[in-house]
Amino acid sequence: MTLPPPAAAPDAAIGLQVLDPVDPALLTLDAWTLLGRLGRTTLLRVPAVDPDPAWRPRAVVVLQHGDEHTGLDALLRVLREDPPRPYDLHVLIGNVAAALAPSGFAHRMLPGQPDMNRAWRPDGTVEVPDDALSVATREALRRLRALDLAALVDLHNTTGANPFHALVARTGTAELELAALFTTTVVEWDQRRHTLMEALADRCPCVSVECGLAGPPASLAFAVDGLRRYLGVPDPGALATRTRVDLLGRMRRVELEPGVRLRFGGELDDEVDLVVVADADRRNGVPQDPGWTLGAYRPDEPRPLRVVDTDGTDVTDELLAFEDGTIRVVAPATPLMMTRTVAAARADCLTYLLARVG
Ligand SMILES: [Zn+2]
């Protein structure tokens, strides 16, 4: 296959590392040792053994966020333990530099880097000029779009307690069937934020899978189960199992206002402007009746939160009430991806408030 020319010649020293095919010995290493050998964003091909054209090539993406290692752990386990596959498997290992930075798997991204899963720009522009991750992301997109993939699965962790769930940028049969290989809790990703699945949605069915918190054995077991199903069907882009799914959508973002100082749990004091209820993330994925308390704020200060609808409209007053220092959610909604870390709340958002759409 002839690749289209790159939008601009990437600096070979900082761009994407391509291993085609990968040395099989690399895949016998544990995740940490492997990442140390790779050193940077890597696209690799695990070649077919006894190729069978009925089994179509596919892709797995892991570690777009450096602290979300469950996908890589699960993939290495499946590749190590399970029989070889009769098709080419393409693997993108995302923000390796962030994963390797002290103290290991501790950073979503590094200072100065873009959020990799907000940097997939089909127009060939880069988020941060001359940044290695930005250049590698552009080149990875060019190569992934040129492959004849049956499907792509992108594995993530969440930073709060969430039910296992999948996200799709399109709600076609192929995307929903692909998601259902992992879970029947599916979210229609109606944001337009330059995620990988948005950038490839016109090329093949794509799904992002949220494998819970990084670390717990249940997260790893979930990812292994789903990967085995995904890698174990001939054509994951053409399934016809008609699995029933719960579909959530209308993702309204609850964002911090600029400069707001935040803490999870405890009392409001001089050091913070907002205290989010400590265990708010236990509501993730559970439909909530109106009236639940999200947090506390200073009634004499500007509101610390705003809510943004999918079209960019400010819908704060529809969703939140700010009264006497207490913030309540006043409309029916299902919170999802409620974080429990200040860094994630700042880098992305505090939570999404969703509605059942199917
Ligand atoms: Zn992620």
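The structure is a predicted model.

The chain contains nine helices and 17 strands. Its radius of gyration is 21 Å, close to the 21 Å that the globule rule gives for 358 residues, so the chain is as compact as a globular protein of that length. Along the principal axes, the C-alpha trace extends over about 70 × 45 × 40 Å. Buried positions account for 45% of the 358 residues. When contacts between residues at least 6 apart in sequence are considered, 73% of them connect residues at least 24 apart.

Two domains are assigned, domain 1 spanning residues 17-244 and domain 2 spanning residues 248-356. Their centres, taken over C-alpha atoms, are separated by 29 Å. Contact between the domains involves 14 residues of domain 1 and 18 residues of domain 2. On the domain 1 side, the largest share is contributed by strand β7 (residues 185-188), which supplies three residues. The composition of this side of domain 1 comprises seven polar, four charged and three nonpolar residues.

An open sheet of five strands is formed in the order β10-β11-β12-β15-β14, and its pairing is mixed. From one strand to the next, the twist averages 25°.

Strand β11 (residues 274-276) runs antiparallel to strand β12 (residues 292-297), the two being joined by three bridges. In this pair, L274 lies opposite Y297 of β12. Strand β12 also pairs with strand β15 (residues 326-329), again in the antiparallel sense, through four bridges. Here G295 is placed opposite I327 of β15. Strand β15 is in turn connected to β14 by four bridges, and these two strands run antiparallel.

Technical notes
Residues are numbered from 1 along each chain as its sequence is written. This is a predicted model: local features need pLDDT of at least 70, side-chain atom pairs count only at pLDDT 80 or more; totals for chains, interfaces and linings use all residues. Domain bounds come from an automatic or database domain assignment. Two residues are in contact if their C-beta atoms, placed from the backbone, lie within 7 Å. Ala, Val, Leu, Ile, Met, Phe, Trp, Tyr, Cys and Pro count as nonpolar, Asp, Glu, Lys and Arg as charged, and the others, Gly among them, as polar. The radius of gyration is taken over C-alpha atoms; the globule rule is 2.2 Å times the number of residues to the power 0.38. A residue is buried if 20 or more other C-beta atoms lie within 10 Å of its own, exposed if 12 or fewer, and partly exposed in between; C-beta atoms are placed from the backbone. Two strands pair if DSSP finds at least two bridges between them. Axes are lines fitted to C-alpha atoms, for helices over the stretch in contact, and angles run from 0 to 180 degrees between N-to-C directions.
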